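Please look over the sequence and the model shown here.

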Amino acid sequence: MSVTQAPVFEAFIVPHRSLTPKGVLVVVGLLAVLTAAMALRFWLIGAWPVVVFSVVEVPVVVLLLTINLRRARASELIMLSAQAVTVVRTDPTGRRQQASLPSAWLRVDLDPGRGIPRVMLSSHGRGWEVGAFLHEAEKRSLFAALSDALHGLRNPRFDNPQLREN
């Protein structure tokens, strides 16, 4: 962005994940030990079919945790300048999509839809959802921040020292 297009609002959004890769290893290790102990106990009492399910359980959990970690690499960058709002969306594989909408006719809407609302940016018949992986409170906060930034962009406050009271 050049100096004339300096952003007045910028938000970098990533999905919330509380489990780190090291935490995943700890969870998988504990699960494997506990599952092995339980499988051994059931094998010793003669309930061998339980062992089959125990052997399948750990790889399924590893697969699901791997998918969760991969999806955590997604991100979204929202930049609002006087000329346009630019949304750069990065998917978990690293591919980027970029969309720009002119800010002169930009609308920021909170579409209630069904269930969790959606934050929609629209201009000239084109629309773009932002923050799709956020929770409801975070979406409302993003909507309020974007609306305030857009309002501030359209209604600048000028400070004239000569008009101040002494």
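In strand E6, Arg118 is the bridge partner of Asp111. This is a predicted model, in which local features need pLDDT of at least 70 and side-chain atom pairs count only at pLDDT 80 or more, while totals for chains, interfaces and linings use all residues. Residues are numbered from 1 along each chain as its sequence is written, and side-chain values use heavy atoms, with hydrogens and water left out. Helices (H or I, at least four residues) and strands (E, at least two) are DSSP runs, numbered from the N terminus.

The partners Arg118 and Asp111 belong to the pairing of E5 with E6 (residues 118-123), which is antiparallel and runs over five bridges. Two strands are said to pair if DSSP finds at least two bridges between them. The open sheet here has three strands in the order E5-E6-E7, paired in the antiparallel sense. Strand E5 (107-111) and strand E7 (126-130) are its edges, each pairing on one side only. On average, neighbouring strands of this sheet are turned by 30° against each other, direction ignored.

Helix H3 (residues 136-154) packs on the sheet and touches E5, E6 and E7, and the direction of H3 makes about 160° with that of E5. Such angles run from 0 to 180 degrees between N-to-C directions, and the axes are lines fitted to C-alpha atoms, for helices over the stretch in contact. Contact means heavy atoms within 4.5 Å.

Next come the charges. Side chains of opposite charge can pair when their charged atoms come close. A salt bridge is counted when a side-chain nitrogen of Lys or Arg is within 4 Å of a carboxyl oxygen of Asp or Glu. The whole structure holds six salt bridges. One of them joins Arg118 to Asp111, at 3.5 Å from N to O. Another joins Glu129 to Arg118, at 3.9 Å from N to O. Glu129 lies in strand E7 and Arg118 in strand E6, so this pair ties together parts that are eleven residues apart in sequence. Through shared partners, salt bridges join Asp111, Arg118 and Glu129 into one network.

How exposed are these side chains? Relative accessible area is 34% for Arg118, 29% for Asp111 and 21% for Glu129. Each of these counts as partly exposed, because buried means under 20% relative accessible area, exposed means over 50%, and partly exposed lies in between (1.4 Å probe, protein chains only).

Which side chain of opposite charge is nearest to Lys139? Lys139, in helix H3, is buried yet has no salt bridge, and that nearest side chain is Glu129, 4.1 Å away. Leaving out residues up to four places away in sequence, Lys139 touches several residues, including Leu110, Val119, Arg118 and Glu129.

Elsewhere, Glu76 forms a salt bridge with Arg89, with the closest N and O atoms 2.7 Å apart. Glu76 is in strand E2 (residues 75-80) and Arg89 in strand E3 (residues 84-90), so the pair ties together parts that are 13 residues apart in sequence. Glu76 counts as buried, at 2% relative accessibility, whereas Arg89 is partly exposed, at 24%.

Helix H2 (residues 49-71) has 23 residues and reaches 34 Å from its first C-alpha to its last, close to the 33 Å expected at 1.5 Å a residue. That expected span is 1.5 Å times one less than the number of residues. The buried residues of H2 are Val51, Ser54, Val58 and Leu65, and they pack against helix H1 (21-44).

Note on methods. Lys, Arg positive; Asp, Glu negative; His and termini not counted.
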